[in-house]
Amino acid sequence: MNISILKRLRDDTSGLALVEFAFTAPFLLTVGLGGMETANLAVSHMQISQIGMLVADNASRVRTSIDEADIREIFTGASLTGKSIDFSENTRVILSNLEHNGLSGSDEGQWIRWQRCYGANTKYASSYGVEGDGRTNASLATGMGPTGKKITATTITAVNFVEVVFDYKPLISDRFFGDIVIRYESAFVVRERDDHAMNNSSNISSGDLWTCNRYGVIT
C-alpha cells in the first residue's frame, strides 16, 4: 500500500465525533431518561400530597351537615386533580370522620363515625381502623395516625382524616426505582358544622354509596 495513503488514513479524523458519540450515547440516554423519571416521580408525590389535603380540607368545609352527595363532589375534585397521573385507576383514598366517643373512664377514646373510599385500587385499606371502630371502647383512645403523630378530636368537634395510597406508574421504566407505593395522610378539623353524621338527602341507593367495601370511580 502506498505510504502516502497510510499517512492520510492516520491523519483522518472525520469519523472521530461519530465514534465518541457511540461511546457516550448510552450514558447520556440513561441520564436523560432517569432525569425524566425522577421529575415524574416528584410531580406524582406533589400531586398525591395535594390531593390528600384537598379531600380533608373540602370535607371539613361542608357546613350545617354533610351528605353522600358532598362526598361525590369532593372525590370528583380529587379525580380531576390527579387526572394527569391516572389517579383514579391506581389509587385508594380513605376519608374517615373521627370523633370523641362520648364515653368516660376506661372506655373513653375516639371513634370513626363514618368512612368513605374512592379509587379502583381496592387492595389498600385504612391503616388505622374502619367505620364504627372505637364506638363502645377505647380501641382508638390515641386517635388516628402514625406513632408519635396521632390525631384526636375534642368532645365538641370532629376531624376528617384522609389516607391516600397510590401505586406509582413509571413514565419510562420501573428499572429506575422499582415498584413504588406513594402514601400521604392529611387531617383537618371540621369547621362550622355541629352535625357530623353522614346524611343521604339525595336518596342515593345503598349499592351506589362509596363505602369502603366497594370502589368508587368517576366515569
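Mentor: A salt bridge here is a side-chain nitrogen of Lys or Arg within 4 Å of a carboxyl oxygen of Asp or Glu. By that rule the structure holds seven salt bridges. This is a predicted model, where local features need pLDDT of at least 70 and side-chain atom pairs count only at pLDDT 80 or more, while totals for chains, interfaces and linings use all residues. Residues are numbered from 1 along each chain as its sequence is written, and side-chain values use heavy atoms, with hydrogens and water left out.

Trainee: What makes Arg 116 and Glu 68 a salt bridge?

Mentor: Their closest N and O atoms are 2.6 Å apart, and the limit is 4 Å, so the pair qualifies. The partners sit in distant parts of the chain, Arg 116 in strand S3 and Glu 68 in helix H3, 48 residues apart. Helices (H or I, at least four residues) and strands (E, at least two) are DSSP runs, numbered from the N terminus.

Trainee: Why is Glu 68 called buried?

Mentor: Buried means under 20% relative accessible area, exposed over 50%, and partly exposed in between (1.4 Å probe, protein chains only). Glu 68 has 5%, so it is buried, and Arg 116 is buried too, at 6%.

Trainee: Which label do Glu 99 and Arg 113 get?

Mentor: Glu 99 has 7% relative accessibility, so it counts as buried. Arg 113 has 30%, so it counts as partly exposed. Their side chains meet in a salt bridge (2.4 Å, N to O).

Trainee: How do you know that S2 and S3 pair?

Mentor: Two strands pair if DSSP finds at least two bridges between them. Eight bridges join strand S2 (residues 91-100) to S3, so the pair meets that rule. The two run antiparallel, and Asn 97 has Trp 114 in S3 as its bridge partner.

Trainee: What makes S3 and S5 edge strands?

Mentor: Four strands form an open, antiparallel sheet in the order S3-S2-S4-S5. Strand S3 (110-118) and strand S5 (181-189) each have a single partner strand, so one side of each has no neighbour in the sheet.

Trainee: Where do Arg 61 and Asp 57 lie relative to each other?

Mentor: They are four residues apart in helix H2, which means about one helical turn separates them. Asp 57 has 16% relative accessibility, so it counts as buried.
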